[in-house]
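Student: Could we go through this model together, one question at a time, so that I learn how the conclusions are reached?

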Amino acid sequence: LCHRPLAWGRATQQPPDPLQPPGLPLAPCRAFSNNKILVELDKSSGVATMKFKSPPVNSLSLDFLTEFCISLEKLENDRACRGVIITSAVPKIFSSGLDITEMCGKSMEHYAEFWRAVQEMWLRLYGSNMVTVAAINGSSPAGGCLLALSCDYRIMAENPKFSIGLNEAQLGIVAPFWFKDTFVNTVGHRVAERSLQLGSLHPAPEAHKFGIVDELVPEDKLQEKAAAVMAQWLALPDHARQLTKSMMRKAVLDRLVAHREEDIQHFITFISKESIQKSLRMYMEMLKKKKS
Amino acid sequence: LCHRPLAWGRATQQPPDPLQPPGLPLAPCRAFSNNKILVELDKSSGVATMKFKSPPVNSLSLDFLTEFCISLEKLENDRACRGVIITSAVPKIFSSGLDITEMCGKSMEHYAEFWRAVQEMWLRLYGSNMVTVAAINGSSPAGGCLLALSCDYRIMAENPKFSIGLNEAQLGIVAPFWFKDTFVNTVGHRVAERSLQLGSLHPAPEAHKFGIVDELVPEDKLQEKAAAVMAQWLALPDHARQLTKSMMRKAVLDRLVAHREEDIQHFITFISKESIQKSLRMYMEMLKKKKS
Amino acid sequence: LCHRPLAWGRATQQPPDPLQPPGLPLAPCRAFSNNKILVELDKSSGVATMKFKSPPVNSLSLDFLTEFCISLEKLENDRACRGVIITSAVPKIFSSGLDITEMCGKSMEHYAEFWRAVQEMWLRLYGSNMVTVAAINGSSPAGGCLLALSCDYRIMAENPKFSIGLNEAQLGIVAPFWFKDTFVNTVGHRVAERSLQLGSLHPAPEAHKFGIVDELVPEDKLQEKAAAVMAQWLALPDHARQLTKSMMRKAVLDRLVAHREEDIQHFITFISKESIQKSLRMYMEMLKKKKS
């Protein structure tokens, strides 16, 4: 389903497993890294970690999304892997969300390909059979927030300088209906309605108060806490947990699957508007000025 | 859509705008007042205030509802207006809800006309493109509560003598499904289920605890706070905010639009029952005794 | 609708009512008891109490469920009865949920009959016209939790040793969609998703925090509090309260009614799997060891 197969390096940090013939497509992995995401699997616990390492801000470019989907699929098909912790290797940022350069001044074909990859990321992560825990060690606006919302559990560093939210409205754009559905499933209709209309970026303590994240911990305890939460979820029999998860999320997943091509067309039409292109260009200018 | 056009006076508190030809139906207004609602528009901020001034209790009569719809439509079509604050000019009461005299001992035709006006009020307010803030400076039962729930944000005077809620069940009647949908969207299913069955009128602090209102402030800070909240919502680009609002509210609005005539028939059948008429007469008697 | 009519004793604690001809099927009752549930009706208040007395743990066997449905129907049709308080006569346990022996090593026909009785219990209780209050004076896992969730109001003894929750996933099985719907209507989507996936049994204080129960009271005040809450709910006119309740619960009730036979087939297929049978046998072994 990921339409841009990437070649990726084989186990970079561990010696090859002598019990595994090399080169089989779904061979159990120890660790593999490609350009933007470091994936490590601890076979003893069955827990993988996906670490975003795409500076400066882990933005969700087409390359990043493609790599994310391939890595997730690889783990999903690996019987040694039962859970994934998603976190960032870039200080202060979890993920800045969709890469605006992918949405600015490109061809219709590019917009379609990009949007399909965004959908794919969400369909795979929100519908994953694995236990998924977000260890949010930095700010996480827009698409970065969606990534976190799509996991089973969210732990955030309790630093009030880190914020999270679906702030699309601030950029003059609108979160797609399936971002909204995911948000409503997490925080309820009223909190979602207010937060989406205001394009709010909630500092960690407020995000916790509103239920956007489940727990706050000091930043240096984040990975430890994520491992403990993962162990708690993995104590359940996989089959019953997976069926239960599917029962809770299926209606919302099915809705995008049923309207996927329409949603792509809608995105292309919206993003191609001169007024929207102008908004995005202004936003990028503002970001550039902020840096300098 | 408002079926009883009212004539209303032109700007009563401001001199006529020399730049505007008089008498055009949708000419940008400064202030206009009619019998029951005072409307003022501050062109510099783009914020209008609708002040209910229909003593003794701002009940939602057919005349009041018609005036409300016309005023709201006027503002909706006025490019100078981006937001509306709804509040009361009558001490201690925001609005007492639907006028029971409109539902007692009248003709079928009257019931139909009245109910269509109630629907219209909700369709326009809940679906408004403007930012809508309720500054609830008094009690607000039943239809008065619906008015507040239909806004984007609710601020209430923190006086525990003021109460708010959908208390229809106390009168022996049932809140329509779209009152219920609006309530569920605001407070969630469980709080709505309990509150509707008990016909609860919640004192301001409890209303805040249950999420019926978003914020409490001292009564003398209410208008100031409403203006500040409005400014926060108006900081967002209109187009993105409007599309987001529509995405959140469309399902519930569409449900009434699809069942509007059935809903009118249902109301007529219900309200015409002798048992219901008797309940309402008893309730009016009780109100009269309370006064004297 | 209850397919296994039980004979039950007539008024055991009260003398026969001289105004009532004996033996009429729906004669107003004072008290009747059969094997597993003691039912007492206080005609002056219109409030019945159903006390589960099926030691050791009030498990929901086919016999228990049949008796429950017949008793509830009897009260539902008794004009002297307007509300029911459900509680336990067995110390420390409200109800342990579905009787696993009914789901282990039995025929397809038995599974079908049992599952239909579970559905029936929920359809009748969640859809009851009476006010239903659960006075939860002990632990209440799985089906026991569903019983409580199906009432209008839940009061729990504040003993942290008592726990409640839909813990099916712990047993390797999955709560049916209508258990889930009832849970979501009570606690919202996010709390339900997390609690169901973890198969959580929440100690009373946590159950209260998450909204699974409405109130905690000291155990010796439980019945008194239940009576007070019942009086509050009975202060409303029955007709309006019933229509309001139906409006809130109809969508979820209709969903099971529309898919009832499928749901039975699904249960039979699932429960007949060797892997599931093995899980249940292991669970029963574990329970036996715990006891000894």
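Predicted model: local features only at pLDDT ≥ 70, side-chain atom pairs only at ≥ 80, totals over all residues.

Student: What is the area buried between chain A and chain B?

Tutor: The size of an interface is often given as the accessible area lost when the parts come together. In chain A, Arg190(A), Gln197(A) and Leu198(A) lose the most area to chain B, and together they make up 40% of what that side buries. Carbon and sulfur atoms give 62% of the area buried between the two chains, and that area is about 1800 Å².

Student: Which residue of chain B meets Glu193(A) in a salt bridge?

Tutor: Across the interface of chain A and chain B the rule finds two salt bridges. In the one that involves Glu193(A), the N to O distance is 2.9 Å, and a salt bridge is counted when such a nitrogen and oxygen lie within 4 Å. The partner of Glu193(A) in this pair of side chains is Arg249(B).

Student: How many residues does the contact take from chain B and how many from chain C?

Tutor: Chain B and chain C bury about 1800 Å² between them, with 62% of it on carbon and sulfur atoms. On the chain B side, Arg190(B), Gln197(B) and Leu198(B) lose the most area to chain C, together 40% of what that side buries. Counted by residues, the contact takes 21 from chain B and 20 from chain C.

Student: What is the distance between the closest N and O atoms of Arg249(C) and Glu193(B)?

Tutor: The count of salt bridges between chain B and chain C is two. One of them joins Arg249(C) to Glu193(B), and their closest N and O atoms are apart by 2.8 Å.

Student: How many residues does α5(B) give to the side of chain B that touches chain C?

Tutor: The rule finds six residue pairs in polar contact across the interface of chain B and chain C. On the side of chain B that touches chain C, α4 (177-187) and α5 (189-198) of chain B each supply at least two residues. The largest share comes from α5(B), and the number of residues is eight.

Student: What kind of axis relates chain A and chain B?

Tutor: Chain A is superposed on chain B by a rotation of 120° with 0.0 Å of shift along its axis, and the RMSD is 0.0 Å. The two copies are thus related as by a three-fold rotation axis.

Student: Which residue of chain A comes closest to the rotation axis?

Tutor: The distance to the axis is taken at the C-alpha atom, and the value for the closest residue of chain A is 4.2 Å. That residue is Gly188(A).

Student: Which strands are the edge strands of the open sheet in chain C?

Tutor: Four strands of chain C form this open sheet in the order β6-β9-β11-β12, with mixed pairing. An edge strand pairs on one side only, and the two that do so are β6 (92-93) and β12 (202-203) of chain C.

Student: Is the peptide bond from Pro55(A) to Pro56(A) cis or trans?

Tutor: Pro56(A) is placed in the loop between β3 (47-52) and β4 (59-60) of chain A. Omega of the bond from Pro55(A) to Pro56(A) is near 10°, and the bond is cis.

Definitions and conventions:
Residues numbered from 1 in each chain as written. Chains lettered and ligands numbered in written order. Heavy atoms only, no water. Least-squares fit on C-alpha atoms with pLDDT ≥ 70 in both. Buried area = accessible area lost by both parts, 1.4 Å probe. Pairing = 2+ DSSP bridges. Contact = heavy atoms within 4.5 Å. Polar contact = N/O pair within 3.5 Å; in protein donor to acceptor, adjacent residues only side chain to side chain.
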